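Load the model in your viewer and keep the sequence panel open beside it.

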Amino acid sequence: ALKGTWNGVRSVGKTVGKGSKWVVYQVENSVSRNVGAGLLWGATVLAMVMCVPTLPFNVTAGAVLGIRYGVLVITSAMFIGSLINFLLAKKYFKEFATEAASLLDISDNESLRKNGALITFLIRLCPYFPSGAVSYGLGATSLTTHEFALGSWGGQVITVFLFTCLGSALRKLSAETRVLHRASLRLSIGTVGLSIITITLLASTKLASSLLVEGLDKEISA
């Protein structure tokens with residue numbers, strides 16, 4: 001039954017993903033910039049709930065809305081979507097959340113109980129973790145809503161900012177014709193890309209070391 005539920009959610013997620021192109025078109029061609037931003041916000045929240053990757057929406061926000069407005073729209077949408085998933089997992093979808101936690105190898109260990117906000121923050125800094133599914137998985141643990149909200153918001157602001165900058169630079173590069181300006185934009189894109197890789201590696205290392213320390217402590221106590 002759980003497998004069937006999971007497959008059903010994935011099927012709906014694929015449908016939402018196919019509709020993302022329509023959303024992007026509407027945002028780019030909307031008569032009102034605020035209407036376009038609203039469409040992008042709603043699509044991002046829905047994508048989070050349906051466990052669909054939000055990266056395309058993030059980059060699109062940077063390209064269409066600019067950095068400041070794009071960061072505001074996507075960060076708030078991802079945070080709201082994450083919180084919805086977490087609370088649904090806590091109150092209604094406990095079995096589904098447990099399965100998601102198992103698939104993502106999320107366990108209610110000592111590190112999470114002691115440093116829940118920090119662990120959540122580090123996970124949010126790693127783009128390879130599916131944000132929507134992680135929110136469900138963390139809802140299956142003893143993590144408090146306060147710790148989840150604090151860690152999620154902090155990590156999401158940083159990653160959203162970087163990918164929004166990437167989208168903005170790519171949009172400017174596609175429209176720029178002057179050689180020197182194109183070279184400058186390519187350098188900016190490379191810098192943002194290097195920043196994303198560096199932050200991901202540092203967060204992954206810190207996350208792994210936290211879990212390793214816990215494992216060593218258990219072996220010593222045993």
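Predicted model: local features only at pLDDT ≥ 70, side-chain atom pairs only at ≥ 80, totals over all residues.

Select L150 first: at 53% relative accessibility, this leucine counts as exposed, because the cut-off for exposed is over 50% relative accessible area, with buried under 20% and partly exposed in between (1.4 Å probe, protein chains only). L150 lies in helix α10, residues 145–175. Helices here are DSSP runs of H or I, at least four residues long, and strands are runs of E, at least two long; both are numbered from the N terminus.

Residues are numbered from 1 along each chain as its sequence is written, and side-chain values use heavy atoms, with hydrogens and water left out.

Next, go to L187 in helix α11, residues 179–221. L187 counts as exposed because its relative accessibility is 61%.

Select W41, I80 and I84 together. They make a nonpolar surface patch of about 230 Å². Patches are made of residues with over 30% relative accessible area and no salt bridge; like charges are joined within 9 Å, and nonpolar side chains (Val, Leu, Ile, Met, Phe, Trp, Tyr) within 5 Å. A salt bridge is a side-chain nitrogen of Lys or Arg within 4 Å of a carboxyl oxygen of Asp or Glu. Areas come from the Shrake-Rupley method with a 1.4 Å probe, and for residues only the protein chains shown count as cover. W41 sits in helix α3, residues 33–49, and is partly exposed because its relative accessibility is 34%.

Move to C51, in the loop between α3 and α4. Its phi is near 60 degrees, a positive value in a residue other than glycine. C51 is partly exposed, with a relative accessible area of 25%.

What angle do α4 and α5 make where they pack? Show helix α4 (residues 55–65) and helix α5 (residues 67–91): the angle is about 145 degrees, and the axes are 7 Å apart. Axes are lines fitted to C-alpha atoms, for helices over the stretch in contact, and angles run from 0 to 180 degrees between N-to-C directions. The contact (heavy atoms within 4.5 Å) is made by F57, N58, A61 and L65 of α4 and by I67, Y69, G70, V73 and I74 of α5. Colour the buried residues of α4, which are F57, N58, T60, A61, G62 and L65. G66 follows α4 and has a positive phi, near 90 degrees.

Select helix α8, residues 116–124, where 7 of the 9 residues are buried. The buried ones are G116, A117, I119, T120, L122, I123 and R124.

Finally, zoom out. The protein chain has 11 helices and 0 strands. Of its 222 residues, 43% are buried. The accessible surface comes to about 12000 Å², and 66% of that belongs to carbon and sulfur atoms.
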